[in-house]
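Hello,

Here is the structure you are taking over. Please open it first, then read my notes below.

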Amino acid sequence: MDNRTPRIEDIHGLTLDGREIAALAEPLRRFYLSLPPMLSAEEIEQVNRGTKVLGGDYVYRGLEFAVPSGVLVPGGTSEVIFDALHDGLVETQGASVVVMGCGAGVEPVLARQRGAREIYAMDIHEASVASSLASFERHTGARDPGRHHFLVSDLFSALPPGRRADVIVFNPPANPLRSDDPYLTRVNFSGSAIMVRFFDEIASRELLAPGGEVITVLSNASNLQGITGHAIRRGFRPELLRRKTWSAPYDKILTHLLSFSLDSR
């Protein structure tokens, strides 16, 4: 984070208004009203001071990952998704899986170990894609080029037309702070705009297979109410899979592991 006073720069008007909330059926209305409001800019800045993009070694359940400089070194929030894949809460057996923001490569490794039929691992950052592929082959053997795809992509731009996924996984850089550091902006501070585009592309391109789900992790360090509200407007139905709290100095953070499926209406 830069040395200036932190400030929020985000999209306005995403949160559902009173009429929209009243129109929600239960239990969706109750769930939406349970989502916590966003923290202040100062609080968001404080909890993101540990963001690490200078590279280093990372270990997840005995799996070692060599993370090059410029690639996000996974932290506790990432591990909320990793655990869901590892434990089978998010089922990838026989599934077509898209990992958005593949970074260090943990999610593709876990998806293959859990029996995914097909994997698309994508990131806007070329070094992250290379790191992810190296980790994938280190832990799971040579990739099958017909089933394992590692692509430099701005969201879904590189996904071939007509492809549909059973599971789309994304730990988004949705914190809405302003930063002059391009690395931190890419891995942490892209705000709600990244999630608006994300859900818009899935809906407009029909990227989810029937019965498919989007798995994402969001907290009150982002506009959780607004992002969820936009997804609901686009026809997605959210479900809370896990809620995680943290010890100090991160005890104000409420992290939500969410599944979004497309409403059948």
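This is a predicted model: local features need pLDDT of at least 70, side-chain atom pairs count only at pLDDT 80 or more; totals for chains, interfaces and linings use all residues.

Residues are numbered from 1 along each chain as its sequence is written, and side-chain values use heavy atoms, with hydrogens and water left out.

**Cores**

Start with the largest nonpolar core, which has 35 residues. A nonpolar core here is a set of buried Ala, Val, Leu, Ile, Met, Phe, Trp, Tyr and Cys residues joined through side-chain atoms within 4.5 Å. Buried means under 20% relative accessible area, exposed over 50%, and partly exposed in between (1.4 Å probe, protein chains only). The members that touch the most others are F156, I168, F198, F199, I202, V214 and F236. At least two core residues each come from α2 (28-34), β3 (96-100), β4 (118-123), β6 (165-170), α8 (192-205), β7 (208-219), α9 (224-233) and β9 (254-262). Helices (H or I, at least four residues) and strands (E, at least two) are DSSP runs, numbered from the N terminus. Helix α8 gives the most to this core, with six residues. Apart from this core lies another, of 33 residues, including A84, L85, A104 and I119.

What does F199 touch, not counting residues up to four places away in sequence? Its partners are V214, I227, H230, A231, F236 and F260. Contact means heavy atoms within 4.5 Å.

Now look at T228, in helix α9. T228 counts as buried because its relative accessibility is 0%. Leaving out residues up to four places away in sequence, T228 touches F31, Y32, L35, P238, L258 and F260.

**The α8 and α9 pair**

How do α8 and α9 pack? Their angle is about 15 degrees, and their axes are 10 Å apart. Axes are lines fitted to C-alpha atoms, for helices over the stretch in contact, and angles run from 0 to 180 degrees between N-to-C directions. The two helices are therefore roughly parallel to each other. The cut-offs are: under 35 degrees roughly parallel, over 145 roughly antiparallel, 65 to 115 roughly perpendicular, and the rest oblique. On the α8 side, the contact uses S192, M195, V196, F199 and D200. On the α9 side, it uses I227, H230 and A231.

**A covered helix**

Helix α5 (residues 106-113) is mostly covered, with six of its eight residues buried. The buried ones are V106, E107, P108, V109, L110 and A111. After α5 comes G115, with a positive phi near 95 degrees.

**Backbone details**

Most residues other than glycine have a negative phi, and most peptide bonds are trans. Check these places:

- The E26 to P27 peptide bond is cis, with omega near 5 degrees. P27 sits in the loop between α1 (18-23) and α2.
- The A248 to P249 peptide bond is cis, with omega near 10 degrees. P249 sits in the loop between β8 (236-245) and β9.
- R61 is not a glycine, yet has a positive phi of about 45 degrees. R61 is in the loop between β1 (56-60) and β2 (63-67).
- E206 is not a glycine either, and has a positive phi of about 55 degrees. E206 lies in the loop between α8 and β7. At 52% relative accessibility, E206 counts as exposed.

Best regards
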